[in-house]
Amino acid sequence: MEEKQTGKKQLGLNIISSSQKSSKHKGFGTGAINLNNVSPIIIDEGEARIDVGAMHAKSKVERGIRFTAERQDAEGGRLVWLVWVAVDKTEEGGSYAGATACEMWINSETKRGFKILADHVNKLDYAIKRKIILSEMDEEAKAALKKLLTTHNAEWWERSPEELKNELGG
């Protein structure tokens, strides 16, 4: 069955790059978020890894899980952290400029999970705005995140804000 087009533009969120061509975009739905310098990190069972699938709620740990906003739906599950990390790039080089953590509970046996999507979106926004919000994380998760950030790029870690370093234990 063929759908008729009405000629109306769909209202949506534009995710655009920071290229010269697209930065001059002026049209319908011009509210745009630049996600070029944000990476999602999944911390699961003491191990941190970059998982770009998390950008669309399709990380390895999220696939096949039915999420709800009811914590009891994931009862008996494990805590998994999604950390949004924003990178600044300057003449001196890059740095980890923003980092925020969101919790998820996943019960792999029942294939059920708990997360609050609005919290994930808000924390992404805070990371983009260069905020550091990691206080909810336990020490094991913080250690895993620090290990990933320092091994991924030690120079970026050195140029990162003291607030991030202090939050992750120096």
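**Reading the model together**

Author: Let's start with two side chains: Tyr96 is buried, and so is Trp156. Buried here means under 20% relative accessible area, exposed means over 50%, and partly exposed is in between (1.4 Å probe, protein chains only). This is a predicted model, where local features need pLDDT of at least 70, side-chain atom pairs count only at pLDDT 80 or more, and totals for chains, interfaces and linings use all residues. Residues are numbered from 1 along each chain as its sequence is written, and side-chain values use heavy atoms, with hydrogens and water left out.

Reader: How many aromatic pairs are there?

Author: The count comes to 1 aromatic pair. Rings of Phe, Tyr and Trp (its six-membered ring) pair if their centres lie within 6.5 Å; planes under 30 degrees apart count as stacked, over 60 as edge-to-face and the rest as tilted. The rings of Tyr96 and Trp156 have centres 5.6 Å apart and planes at 75 degrees, so this pair is edge-to-face. Tyr96 sits in strand 7 (residues 93-107) and Trp156 in helix 4 (residues 154-159), so the pair links distant parts of the chain, 60 residues apart. Helices (H or I, at least four residues) and strands (E, at least two) are DSSP runs, numbered from the N terminus.

Reader: And how do I read a pocket?

Author: Rolling a probe the size of a water molecule over the atoms shows where empty space is left. On a 1 Å grid over the protein atoms alone, a pocket is an open set of points where a 1.4 Å probe fits, with protein on both sides within 12 Å along at least five of seven lines; lining residues have an atom within 4 Å of a point. Here, the second largest pocket holds about 160 Å³ of space, the volume being the space filled by probe spheres set on the points, which are joined across faces, edges and corners. It is lined by 14 residues, and the closest to its centre are Ser39, Ile50, Val87, His152 and Trp156.

Reader: Which elements each supply at least two residues of the lining of the second largest pocket?

Author: They are strand 3 (38-44), strand 6 (78-90) and helix 3 (139-152). By class, the lining of this pocket has 9 nonpolar, 4 polar and 1 charged residues. In this scheme Ala, Val, Leu, Ile, Met, Phe, Trp, Tyr, Cys and Pro count as nonpolar, Asp, Glu, Lys and Arg as charged, and the others, Gly among them, as polar.

Reader: What about salt bridges?

Author: Side chains of opposite charge can pair when their charged atoms come close. The rule asks for a side-chain nitrogen of Lys or Arg within 4 Å of a carboxyl oxygen of Asp or Glu, and the count comes to 11 salt bridges. One of them joins Arg130 and Asp88, with the closest N and O atoms 2.8 Å apart. Arg130 lies in the loop between helix 2 (117-128) and strand 9 (132-133) and Asp88 in strand 6, so the pair ties together parts that are 42 residues apart in sequence. Arg130 is partly exposed at 31% relative accessibility, and Asp88 is partly exposed at 26%.

Reader: Where do Lys142 and Glu167 lie?

Author: Lys142 is in helix 3 and Glu167 in helix 5 (residues 162-167), 25 residues apart. They form a salt bridge whose closest N and O atoms are 3.0 Å apart. Lys142 is buried, with a relative accessible area of 8%, whereas Glu167 is partly exposed at 24%. Within helix 5, Glu162 and Lys165 are 3 residues apart, about one turn of the helix, and their side chains meet in a salt bridge (3.6 Å, N to O). Salt bridges that share partners also join Asp44, Glu45 and Arg78 into one network.

Reader: Last one: which residues other than glycine have a positive phi?

Author: Most residues other than glycine have a negative phi, and most peptide bonds are trans. Among those with a positive value, Ala57 has phi near 60 degrees and Arg130 has phi near 65 degrees. Ala57 lies in the loop between strand 4 (47-50) and strand 5 (66-68), and is partly exposed, with a relative accessible area of 37%.
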